[in-house]
Amino acid sequence: MQKKEVVAMLLAGGQGSRLGILTKKLAKPAVPFGGKYRIIDFTLSNCANSGIDTVGVLTQYQPLTLNSYIGIGNPWDLDRHSGGVSVLPPYVKEHGGEWYKGTANAVYQNLDYISRYDPEYVLILSGDHIYKMDYSKMIDFHRRKGAKVTIAVIPVPWEETHRFGVMEVDDDNKIVEFQEKPKIAKSNLASMGVYVFNWKDLKKYLEADEADSKSSNDFGKNVIPAVLNDGEPIYAFPFEGYWKDVGTVDSLWEANMDLLKAEPDLKLNDSRWKIFSLNHSLPPQFVGPGSDVQGSLLADGSLVLGKVHHSVVFTGASVAEGAEVIDSILMPGVKVGKNAIVRKAIVAENTVIQEGAQIGVPARPGEKVEIINEAGITVIEDNVTVPAGMRIVQGTVLSVAEWPKFPEERIS
Amino acid sequence: MRNLFGVIDLADSTEGLGELTSHRALGAVPIGGRYRLIDFTLSNMVNAGIRNVGILLMDRFGPLLDHIKDGKEWDLDRQRDGMFLLVPPSEGETGYTTPGNIPNLQHNRMYLKKSRQDYALVCGSNVVANIDLKKAYQFHLEKKADVTLIYNRTCTLDENPPYTSVATDENGRVVDIALNPQQCTSCKILLNMYILSKDLLLNLVDHCNSRQKRDLFADGIMPRLNDLKIYGYEHEGYVGVVNSLRTYYKHSMELLEPKVWQELFFAHGQINTKVKHEAPVRYLEGSKVTNSLIATGCTIQGTVENSILFRGVHVGPGVVIKDSILMQKAELGAGVVLQNVILDKDVTISAGKKLTGDPSFPLVIEKLAKL
């Protein structure tokens with residue numbers, strides 16, 4: 001096997017349980033994002049744009065959509081004779097097998113894969129963040145500093161530090177202290193979950209971590225603190241730019257809405273840093289007579305005859321005459337029927353909203369509803385039909401099972 | 001369909017398309033926001049299960065090669081069969097200077113001979129349609145025909161020269177073929193698309209070649225109307241034959257009819273094209289877009305009506321585009337107004353310019369022009 005300088009290991013096995021119904025049938029990295037992409041496109045495109053051509057994608061939870069999406073990696077130029085993309089699910093070994101127990105264990109179980117390329121560096125990535133980053137700069141930084149490990153960091157608001165692993169650094173960006181989800185943070189530099197390891201060190205630490213029965217086999221919780229405890233040099237690579245963890249319904253909705261700003265922080269149409277994705281051969285979008293599209297993002301194959309304001313309309317989605325879509329996300333293949341209303345909602349793939357249905361409308365005076373999403377975002381699951389005239393109050397339902405009784409009570 | 005291979009002849013006449021074909025073959029003319037004319041024929045073939053396609057190149061094929069590359073977008077990058085780019089003989093080698101497909105077919109005789117399939121579908125590259133070629137092939141087998149010509153009924157003949165019309169009897173057998181008749185009663189117009197056996201194809205090519213004839217259809221098939229069993233198969237559906245600037249504009253604008261859009265792009269499988277990885281279209285506040293086709297990579301702040309925008313066009317505030325076709329990467333200054341205009345690729349128009357063509361004669365601005 002040809003030696004590679006860098007092998008990337010992309011952790012894509014997470015369920016993303018905080019996305020609720022959106023990840024019932026697919027892994028978080030496969031969730032549609034930004035009109036025509038899936039979340040994992042951003043990390044894979046970063047690899048392509050950074051010149052990294054050997055990527056192992058670690059899958060575990062609901063991998064079907066993800067596997068078929070990645071295929072042989074052609075959209076990201078990862079269809080290579082040497083290297084390329086390899087999907088790595090857990091497997092059975094001579095003495096039995098086990099599921100990936102944690103992020104570190106997932107990579108540990110695939111040490112053989114990395115050995116094949118005998119790299120200098122291993123880049124650990126996660127497939128659930130939206131950002132554009134040149135990993136080659138981070139690897140240069142790692143090399144220049146003579147670090148054992150380099151962690152990409154980004155400043156976050158102080159009040160949010162409790163959600164992240166935060167680093168205290170010295171003037172040279174060397175990490176002095178690492179706090180995992182601290183109550184009282186000493187720094188607001190959060191780990192982005194992007195690590196560069198020297199291959200030899202990574203192997204050593206993962207083997208030690210595996211031998212430790214008390215470890216939860218997690219990079220942030222176990223491996224990084226172990227390296228730090230040994231007094232080895234770990235550096236923080238400061239990242240500037242847009243970075244968003246889209247692990248919750250609120251953040252997924254927000255990150256999509258961020259793209260609609262007049263000057264978005266994350267530019268999708270940057271010819272120097274394209275976001276590659278699996279493209280379906282669909283015709284250009286058709287915006288019909290009498291339609292009204294403002295402040296929105298529309299993808300190929302979509303058809304708009306009604307009103308679309310401040311929304312993201314994915315590939316092959318359609319909005320019929322008289323329908324109104326505001327502050328919403330229509331995932332691939334969603335059909336919004338005539339005169340239907342969709343407000344501040346995420347409608348998952350291929351769902352049909354029939355004529356006159358109302359999604360995300362305010363509760364009527366005295367109406368008793370169970371609010372599930374505090375931000376008032378309504379989520380409709382994939383491949384279902386919302387019957388004509390049905391009314392779904394904002395922030396209430398998540399799955400069909402929880403839908404209001406129909407049609408006796410709620411028909412408007 | 002494993003027993004049918006395709007031959008696309010790029011020698012369609014480009015007379016009448018002016019600047020749009022000054023540097024590209026007809027099949028490479030951009031259409032419909034993200035396609036090139038040949039995409040329809042190629043995709044129809046692939047959607048019908050054809051896995052072996054030979055493309056007879058003629059002059060100005062650079063842009064076409066850049067577009068189709070190794071045929072991957074049509075799943076034609078195969079170990080067995082796949083896409084074959086058939087290079088024409090260099091001038092002088094044959095003594096032919098007039099265009100015609102016989103020298104080219106003769107020159108690539110080995111490809112035809114070595115193709116493993118027994119039947120060939122021969123066609124041009126300028127038909128905009130979503131045709132179920134499987135049905136045409138079945139028809140050919142059922143009728144035990146020697147040649148099956150695919151036609152479409154149209155009653156607006158005068159708008160479509162040059163054309164070839166046919167008359168058929170009640171069984172579908174072709175009883176008359178006419179090239180550019182002044183009057184045509186049948187309304188059956190050939191789509192320059194026909195099925196015949198490989199053996200017959202090789203015979204006809206040899207026959208024409210050895211008698212210094214140059215056109216397979218006019219010199220090989222037409223004179224044998226009486227001794228070959230020639231049948232006509234009707235494709236009932238939308239068809240646009242692009243053979244002039246006027247028909248290019250007309251059929252482009254017809255894509256704005258939702259019925260045509262639906263049929264063309266979704267009826268019998270998808271129309272594939274080269275992928276460019278452009279971002280979704282951004283509609284900023286104040287954009288007014290109606291009845292238009294917009295390709296990815298565009299950003300819109302101005303007004304767009306009854307128009308087709310190709311990939312990566314930026315319509316700034318105050319810009320007004322009506323009844324126009326803007327190809328890839330058009331750059332428009334503030335306040336530009338366009339009506340009945342076709343901008344070829346990479347055209348730059350400076351601020352405040354107003355360009356107006358006529359619906360029957362759109363104004364064409366050539367590739368890379370700066371106004």
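Mentor: Let us begin with a definition: a salt bridge is a side-chain nitrogen of Lys or Arg within 4 Å of a carboxyl oxygen of Asp or Glu. This is a predicted model, in which local features need pLDDT of at least 70 and side-chain atom pairs count only at pLDDT 80 or more, while totals for chains, interfaces and linings use all residues. Residues are numbered from 1 along each chain as its sequence is written, chains are lettered from A and ligands numbered from 1 in the order in which they are written, and side-chain values use heavy atoms, with hydrogens and water left out.

Trainee: How many salt bridges are found over all chains?

Mentor: The search covers the whole structure, and its total over all chains is 37 salt bridges.

Trainee: How many residues apart in sequence are the parts that Glu120(A) and Lys3(A) tie together?

Mentor: The side chains of Glu120(A) and Lys3(A) meet in a salt bridge, with an N to O distance of 3.1 Å. Helices (H or I, at least four residues) and strands (E, at least two) are DSSP runs, numbered from the N terminus. Glu120(A) lies in the loop between α4 (111–115) and β8 (121–126) of chain A, and Lys3(A) in the segment before β1 (6–11) of chain A, so the parts tied together are 117 residues apart.

Trainee: Is Lys274(B) buried or exposed?

Mentor: Lys274(B) forms a salt bridge with Asp66(B), the closest N and O atoms being 3.7 Å apart. This pair links distant parts of the chain, 208 residues apart: Asp66(B) is in helix α2 (residues 62–68) of chain B, and Lys274(B) in the loop between α9 (258–266) and β14 of chain B. Buried means under 20% relative accessible area, exposed over 50%, and partly exposed in between (1.4 Å probe, protein chains only). Asp66(B) is partly exposed at 41%, whereas Lys274(B), at 15%, is buried.

Trainee: Which residues do salt bridges that share partners join into one network?

Mentor: In chain B, Asp227(B) forms a salt bridge with Arg224(B), the closest N and O atoms being 3.0 Å apart. In chain A, salt bridges that share partners join into one network Lys244(A), Glu254(A), Asp258(A), Lys261(A) and Asp265(A).

Trainee: What radius of gyration does chain A have?

Mentor: The C-alpha atoms of chain A fill a box of roughly 65 × 50 × 50 Å along the principal axes. The radius of gyration is taken over C-alpha atoms, and the globule rule is 2.2 Å times the number of residues to the power 0.38. For 412 residues, a compact globule would have a value near 22 Å, which agrees with that of chain A, 23 Å.

Trainee: What percentage of the residues in chain A is buried?

Mentor: Chain A contains 8 helices and 32 strands. Chain A exposes about 16,700 Å², of which carbon and sulfur atoms supply 49%; such areas come from the Shrake-Rupley method with a 1.4 Å probe, and for residues only the protein chains shown count as cover. Of the 412 residues in chain A, the buried share is 60%.

Trainee: Which residues touch the most other members of the largest nonpolar core?

Mentor: A nonpolar core is a set of buried Ala, Val, Leu, Ile, Met, Phe, Trp, Tyr and Cys residues joined through side-chain atoms within 4.5 Å. In soluble globular proteins, nonpolar side chains tend to be buried together. The largest core has 50 residues, and those touching the most other members are Leu330(A), Leu309(B), Leu338(B) and Leu343(B).

Trainee: How many residues of helix α1 of chain B are buried?

Mentor: Helix α1 spans residues 38–47 of chain B and is mostly covered. Among the buried residues are Ile38(B), Phe40(B), Leu42(B) and Met45(B). Just after α1(B), Gly49(B) takes a positive phi of about 95°. Of the 10 residues in the helix, the number buried is 9.

Trainee: In β11(B), which residue is the bridge partner of Cys123(B)?

Mentor: Two strands pair if DSSP finds at least two bridges between them. Strand β6 (residues 119–123) of chain B is joined to β11(B) by 5 bridges, and the two run antiparallel. Strand β8 (residues 147–153) of chain B also pairs with β11(B) in the antiparallel sense, over 6 bridges. The partner of Cys123(B) in β11(B) is Met193(B).
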